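Student: Please take me through one part of this model closely, one residue after another. I would like to know what surrounds each residue, and then how that part sits in the whole chain.

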Amino acid sequence: MSKRSYLAGTLLLFLPMGAWAAGLPAVTVESTAEGSQTYTLTLQILALMTALTLLPTALLMMSSFTRIIIVLAILRQAMGTAQTPSNQILLGLALFLSFFVMAPVIEQVYGNAIEPYLNEQLTEEQALSLAREPVAAFMLGQTRESDIAMFAEIAGYDNIQTPSDTPFSVLMPAFVTSELKTAFQIGFFIFIPFVVIDLVVASVLMAMGMMMLSPMIISLPFKIMLFVLIDGWSLLMGTLAASFYGIAP
């Protein structure tokens, strides 16, 4: 390749950078007549894309998703069905059930904060403050006071008089800890009937002298039959959804 080709390739490589520096400023901060500051569209898009990367974390930390996916995973382990349902199906079930559970909270956030902000009736700070209230109320309703007290003591917050005074930095880890506890409690009660079936099948096989036959192979159809006969999926989904609002299924 000739020197001329190298030069042309170098110019093509640095041409977009030169054009960006010349006519497309990345960050521009302008002061308004009221004394506030506005940012360029480029910086706003950058902030929006950064916020979108945090959505999975927000979904896990501030919604019902954690409890639901753990219970579904424990159910699959108890039944011994290996990868059935698959991870994608479990995630889809947990996601859409989370949307169902969080629908009242989402409606409150949209009606109280997002819609007025889009209509330019609220500032960003006011919208964030109003959006925090229903989310915090939902999280407080699912969080044990002992978990809040533990994280408040670790963080050094001594001025928390009521649960509503709990800052988000304390509420989020306390909420996740409570969700883990609740999920494993539900999973324990789900696991017990399937363990009983495994014990019965193993005892029968040992009494018949079939010690080389795996009890899991024989007990699997009985566990599936039991789960289908009691309408297990409907019962489990209804129980999980009702558990967030203290309603008996």
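Tutor: Let's start at Asp 147, which sits in helix α7, residues 145-155. Helices here are DSSP runs of H or I with at least four residues, strands are runs of E with at least two, and both are numbered from the N terminus. Asp 147 counts as buried because its relative accessibility is 2%; buried means under 20% relative accessible area, exposed over 50%, and partly exposed in between, with a 1.4 Å probe and protein chains only. Leaving out residues up to four places away in sequence, Asp 147 touches Ala 174, Thr 177, Ser 178 and Lys 181, where contact means heavy atoms within 4.5 Å.

A word on the model: it is predicted, so local features need pLDDT of at least 70 and side-chain atom pairs count only at pLDDT 80 or more, while totals for chains, interfaces and linings use all residues. Residues are numbered from 1 along each chain as its sequence is written, and side-chain values use heavy atoms, with hydrogens and water left out.

Now look at Glu 179, in helix α8. This residue is buried, with a relative accessible area of 0%. Beyond its neighbours within four places in sequence, Glu 179 is in contact with Ser 63, Ser 64, Arg 67, Gln 142 and Phe 244. Thr 66 lies 113 residues away from Glu 179 along the chain, yet their C-alpha atoms are separated by 6.7 Å.

Apart from residues up to four places away, Arg 67 touches Gln 142, Glu 179, Thr 182, Ala 183, Ile 186, Ser 243 and Phe 244.

Ser 243 brings us to helix α10, residues 232-243. From first C-alpha to last, its 12 residues reach 16 Å, close to the 16 Å expected at 1.5 Å a residue, the expected span being 1.5 Å times one less than the number of residues. Gly 232, Leu 236, Met 237, Leu 240, Ala 241 and Ala 242 are buried in α10. Their cover includes α4 (65-79), α5, α8 (168-207) and α9 (215-229).

In the loop between α9 and α10 you will find Asp 231. It is not a glycine, but Asp 231 has a positive phi of about 55°. Asp 231 counts as partly exposed because its relative accessibility is 46%.

Finally, step back to the whole chain. It has 10 helices and two strands, running α-β-β-α-α-α-α-α-α-α-α-α from the N terminus on. Of its 249 residues, 28% are buried. Among contacts with a separation of 6 or more, 63% are between residues 24 or more positions apart.
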